[in-house]
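I opened this model to look up its helices, cores, charge pairs and surface. My entries follow, in the order I made them.

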Amino acid sequence: MKIAVFPGSFDPITTGHVELVRRAVPLFDKIVVAVGVNSQKQYLFPLAQRLSWLEEVFKDQPTVEVASFEGLTAHFCNKIDAKYLLRGLRNASDFDYEKTISQINDIVGDGLETVFLISQPAYSHISSTIVREIIKGGGDASPFLPEGVEVLEG
Ligand code: ADP
């Protein structure tokens, strides 16, 4: 069984994340979209809200599951017997950051393999960071949010 973990903050989930999962579904038997909980990090949306959006967005995808975890991503993968990590690459700075993390995860995760999908041009400008800025500034972030994810402006 090929299990991949797609880890992230999903604060909030965007159409960019959904597009990545859609393209990865044929590659794996199961994809676990996993919210990493870092007690040092400040999030805009509470964990329960982020999880319920993920559940809603992927409810019709039988091979996609939603989870959350604390601690190292690699340890979570080992625990659920996932041999693959799924990550997206939007640009060169994603690459620089992801390269190191994936090399470390290979060692810490005992051969954990990271599979990268390069984002499609129509999605490469979308990030949760930008979406949070729009929301904080009172703008309409709906063009970047999947159906079923509604946030109040301002
Ligand atoms: P993190 O807090 O770990 O950066 P994110 O929730 O921001 O988590 O992103 C999780 C993953 O989704 C990362 O691999 C990121 O590259 C990928 N991703 C985010 N937005 C996009 C997008 N627009 N296109 C492709 N991949 C994306």
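**Entry 1: helix H4 and the surface**

I looked up Ile104 and placed it in helix H4, residues 92-108. Helices here are DSSP runs of H or I with at least four residues, strands are runs of E with at least two, and both are numbered from the N terminus. I note that this is a predicted model, in which local features need pLDDT of at least 70, side-chain atom pairs count only at pLDDT 80 or more, and totals for chains, interfaces and linings use all residues. Residues are numbered from 1 along each chain as its sequence is written, and side-chain values use heavy atoms, with hydrogens and water left out.

Is Ile104 buried or exposed, or in between? Ile104 counts as partly exposed, because its relative accessibility is 46%. I use buried for under 20% relative accessible area, exposed for over 50%, and partly exposed in between (1.4 Å probe, protein chains only).

Ile104 belongs to a nonpolar surface patch with Leu72, Ile107 and Val108. Together the four have about 380 Å² of accessible area. Areas come from the Shrake-Rupley method with a 1.4 Å probe, and for residues only the protein chains shown count as cover. Patch members have over 30% relative accessible area and no salt bridge; like charges are joined within 9 Å, nonpolar side chains (Val, Leu, Ile, Met, Phe, Trp, Tyr) within 5 Å.

Ile101 is also a residue of H4. Ile101 is partly exposed, at 34% relative accessibility. I checked its distance to Leu44, 57 residues away along the chain: the C-alpha atoms are 24 Å apart.

**Entry 2: helix H5**

Which residues of H5 (128-136) are buried? I found Ser128, Val131, Arg132 and Ile135. Viewed down the helix axis, they fall within an arc of 100°, so they line one face of H5. The arc is taken from the directions from the helix axis to the C-beta atoms. Helix H1 (15-24) is among what covers these residues. After H5 comes Gly138, with a positive phi near 80°.

**Entry 3: salt bridges**

How many salt bridges does the structure hold? I count eight. The criterion is a side-chain nitrogen of Lys or Arg within 4 Å of a carboxyl oxygen of Asp or Glu.

Asp11 and Arg132 meet at 3.9 Å, N to O. This pair links distant parts of the chain, 121 residues apart: Asp11 sits in the loop between strand E1 (3-8) and H1, Arg132 in H5. Asp11 is buried, at 3% relative accessibility.

Glu19 and Arg22 pair at 3.1 Å, N to O. Both lie in H1, three residues apart, about one turn of the helix. Glu19 is buried at 8%, whereas Arg22 is partly exposed at 47%.

Glu98 and Arg87 form a salt bridge with their closest N and O atoms 2.8 Å apart. Glu98 is in H4 and Arg87 in strand E4 (residues 84-89), so the pair ties together parts 11 residues apart in sequence. Glu98 is buried at 5%. Arg87 is partly exposed at 21%.

**Entry 4: nonpolar cores**

What makes up the largest nonpolar core? It has 26 residues, and those with the most contacts inside it are Phe6, Phe10, Ile13, Val33, Leu54 and Phe58. Two or more residues come from each of E1, H1, strand E2 (30-37), helix H2 (47-57), strand E3 (64-70) and H5. A second, separate core of 12 residues includes Val5, Ala82, Leu85 and Leu112. A core is a set of buried Ala, Val, Leu, Ile, Met, Phe, Trp, Tyr and Cys residues joined through side-chain atoms within 4.5 Å.

I then listed the contacts of Leu54 (heavy atoms within 4.5 Å). Beyond its neighbours within four places in sequence, Leu54 touches Phe10, Ile13, Val33, Val35 and Val66.

**Entry 5: two more residues**

Thr15 lies in H1. Thr15 is buried, at 17% relative accessible area. Setting aside neighbours within four places, I find Thr15 in contact with Tyr123, Ile126, Pro143, Phe144, Leu145 and Pro146.

Where is Lys83? Lys83 is in the loop between helix H3 (73-79) and E4. Not counting residues up to four places away, Lys83 touches Ile3, Leu112 and Glu113.
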